[in-house]
Amino acid sequence: MTEIVGWLEERLLSERHRLPVCVAFGVLLYFRPRHEPVFWPALLSAGFSVFILIYGWYRIGARVAGCVVLCLSLGFLAAWTECHRLPPMPELPRRAVMLTGHVRAVDQLAPREGVESGGRRVTLANVRFETWVDDGMAPLARTLRIRLRNDDPLVLAAGDDLRVRALLTAPPFLVMPGARDLQREAWFKGEAGTGRALNAATVVTGDTGVEKRASSLWERLREGIGARIHAVLPGTNGAIAATLLVGLSSAIPQMDREAFAASGLAHLLAVAGLHLGIVMGFVVTVARYGLAAIEWVALRWPCKEIAALCGLAGGVLYVAMTGLHLPALRSLVMACLVVLALLTGRNAASMRGLAVAALVLLLMGPSVLLDVPFQMSFAAVMALIAGYEVLRQPLRRLHGEGGVSRRFGVHVTTLALTSLLAGGATLPVSMAHFGEIQPFFVVANLVAVPMTALWVMPAGLIALLLMPLHLETLALVPMGWGIEGIIWLARTVAGWPAARLAVPMTPGWGLTLFLLGLCWLCLWTRRWRLLGLLPMLVGFLSPFCHTLPDVVVAPDGGVVVVRDGGQLLVAGRSRDAWFERRELGQAFGRPVTEMLLPTSESASGDLICGEDGAPGLCVLSRHGQSLLLRLMDDSDGTHLVPPGLCDGMDLFVSVSPARASCRDVPRIDRFTVWREGAEAIWLEAGKIKIVSDRAWTGARPWVMRPGRHGVPNLPLAQAE
């Protein structure tokens, strides 16, 4: 027994630098409960772990246990602190309101189908409402995102004070239990909601401080560069070039966006780690060769370290030029650690460096653990580091002393391996968040990534350097040729059969299991790492192994979705409901079809509508259970359902108030959904299972009250 313990302690000691991953588990421990947890148990655990580390430092078992408990406690406390230091979600006006706010950012939106211009969206801070109730109140502590009218000619930039009449909307509830939680995302982003302008906006003359002037000048510089790019490269080429160089994702046609998504090249349109790595690599290469070309400098100066610092400076400037987006900022943190490793003579691409980067980001903002960019970027980098650690020797033998043809083969093999490792690690994450698989992503990335790294981005950087001399055309035109080739590739791959496969919603436990298995496979270095393949496989197959609801009632109660074989039947007349239809179609992985009312019958025969002279009333029968659905009702529930139809029903679902209809049958109506949120219904043998949004999300600070009501923006009383 002593020998086994000694063997295990020796193995754990060799893997000790992998323990910071426990911080992520601590963050998950905070977000998992349905009710807000208290912080003092984690605080006591942290103190107890410090005691264990101090008095048991020379015993590997006590050291490992203390580190694990400390990391779990720190992750939990960091998440609790981030959540509770944010201001509450405010109560927004329910009617159109005139408001003023400070423009923090201006985003160019992609054009919608049938609309030539995509319009603009502004992010406003310090918003004040011009109503008698809000007169004299403090400004909102959260931001608002307002979509301006497409025909609004106003020229504005970050730093301006804007006045506009808008109709506001609070963050929506989940379209179904387990779907994307927009309220949680808005809470941790510091957002209060969204809105759309009802008239043309105006710029209000306000304070012109140093900070405002600096932000305005910087924003105008970005917009000016974007305008000069569009002058040389009109259309889609210019839109993509402006996105890559200054982060202004303007007027990319929806068809081309879909083509990039279907071919697995959507990451090329989002400024993140790939683009930052290309920019820093280009700057480092130019600086290194430039310094080495001067003999006196090459013999006396640390050229490698100077080039690394130049690359970091170029990366910081590029991230600022593209708008300081969060994915780019996360990549910049990792780049800083890589440069620090180069300056100190450490291994730049190591699991220890990745763990430090993840630790910094999780302690600064633990909620990023639930974001798509964090999961995809760290899964990809972790898989690449672990994969090349294992394949380093085979790749060296493959390289050998061959000529140009062999080196080219090694280069192609390395690119394919990189795409396969990164794509395979992020595929289940993409399935969970986007509901689709792109089978040909390796083929597309094998060509598009080298073109972007060796052609498009270097030409774009040269164009930026030539702009002060008004010679940017010399570089932008070749850049446009490269972009045209990538667009052709994306359209070609997207046109292949089965280029985009829809998959049903991945359960939370499935994604968690896959990521835990990936961490186990990549973070350990001994053969027991292969045990991580089993949870990875189970997590990957989880979307196809769990049962989706038979009926879903949308959170506003006016839209009902029925799963019918290979399609979704949607009924209800609650506004356009385009968002609910899109999200539910993605969650089920099926096309959305409008149900033909007042009379219709599903393809499977389980759903029959309009029988017995009752238009808008449908009966769904499965597994011995029967549901009565009222999908049309112009009387707001005052017209009662014929009593004979309620006999033998196990549940009554109505898009209007049930009132006195089917009193002896369990009911879900508009009032039920108003109180409990979206309802998911499973028809199972012998019972009906119902899960509401309120039961799924629980009582957390970011979950709004029924009706999407927030906390009134009222000041504290001056005196009792």
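**Entry 1: the cysteines**

I started with Cys662, which counts as buried at 7% relative accessibility. The cut-off for buried is under 20% relative accessible area, so Cys662 qualifies. A reminder to myself: I am reading a predicted model here.

Next I looked for the partner of Cys662. Cys662 forms a disulfide with Cys646, and I noted 1.8 Å between their sulfur atoms. Which hand does the link of Cys646 and Cys662 have? The value about the S-S bond is -65°, and the link is left-handed. I then placed both ends: Cys646 lies in helix 21 (residues 643-646), while Cys662 lies in the loop between strand 17 (651-654) and strand 18 (667-668). The pair therefore ties together parts that are 16 residues apart in sequence. Cys646 is buried too, with a relative accessible area of 10%.

How many disulfides does the structure hold? I found 2. Cys609 and Cys618 also form one, with their sulfur atoms 1.9 Å apart. Here the torsion about the S-S bond is about 110°, so this disulfide is right-handed. Both Cys609 and Cys618 are buried. Counting bonded cysteines along the chain, I wrote down the pattern 1-2, 3-4.

I checked two further cysteines for accessibility. Is Cys83 buried or exposed? Cys83 is buried, with a relative accessible area of 1%. Cys545, on the other hand, counts as exposed at 58% relative accessibility. The cut-off for exposed is over 50%, so Cys545 passes it.

**Entry 2: aromatic rings**

I turned to the rings and found 12 aromatic pairs in the structure. One of them joins Trp520 and Trp524, which sit edge-to-face at 5.4 Å centre to centre, with 70° between the planes. I followed Trp524 onward to Trp528: their ring centres are 5.6 Å apart and their planes stand at 70°, so this pair is edge-to-face as well. Planes over 60 degrees apart count as edge-to-face, which is why 70° is enough.

How accessible are these tryptophans? Trp520 counts as partly exposed, at 34% relative accessibility. Trp524, which pairs with both Trp520 and Trp528, is buried at 16%. Trp528 comes out at 22% relative accessibility and counts as partly exposed.

Elsewhere I came across an aromatic cluster. Which residues form it? They are Tyr30, Phe31, Phe76, Phe188 and Trp702.

I also looked for charges over rings. Arg142 lies over the face of Trp187, at 4.6 Å from the ring centre. Lys689 lies over the face of Trp682, at 4.9 Å from the ring centre.

**Entry 3: Gln375**

My last stop was Gln375, in helix 14 (residues 372-399). Is Gln375 buried or exposed? At 10% relative accessibility, Gln375 counts as buried. What does the side chain of Gln375 reach? I traced it to the backbone oxygen of Leu369, at 3.0 Å.

I then listed the contacts of Gln375, leaving aside its neighbours within four places in sequence. Leu369 turns up again here, together with Leu370, Val429, His433, Leu511 and Leu515. So my note on this buried residue reads: a glutamine at 10% relative accessibility, with a side chain that reaches the backbone oxygen of Leu369 and with contacts that include Val429 and His433.

Conventions:
Residues are numbered from 1 along each chain as its sequence is written. This is a predicted model: local features need pLDDT of at least 70, side-chain atom pairs count only at pLDDT 80 or more; totals for chains, interfaces and linings use all residues. Side-chain values use heavy atoms; hydrogens and water are left out. Rings of Phe, Tyr and Trp (its six-membered ring) pair if their centres lie within 6.5 Å; planes under 30 degrees apart count as stacked, over 60 as edge-to-face and the rest as tilted. Buried means under 20% relative accessible area, exposed over 50%, partly exposed in between (1.4 Å probe, protein chains only). A charge sits over a ring if NZ of Lys or CZ of Arg is within 6 Å of the ring centre and within 35 degrees of the ring normal. Helices (H or I, at least four residues) and strands (E, at least two) are DSSP runs, numbered from the N terminus. A polar contact is a pair of N or O atoms within 3.5 Å; within protein, one must be able to donate a hydrogen and the other to accept it, and residues adjacent in sequence count only if both atoms are side-chain atoms. Contact means heavy atoms within 4.5 Å. A disulfide is a pair of cysteine sulfur atoms within 2.5 Å.
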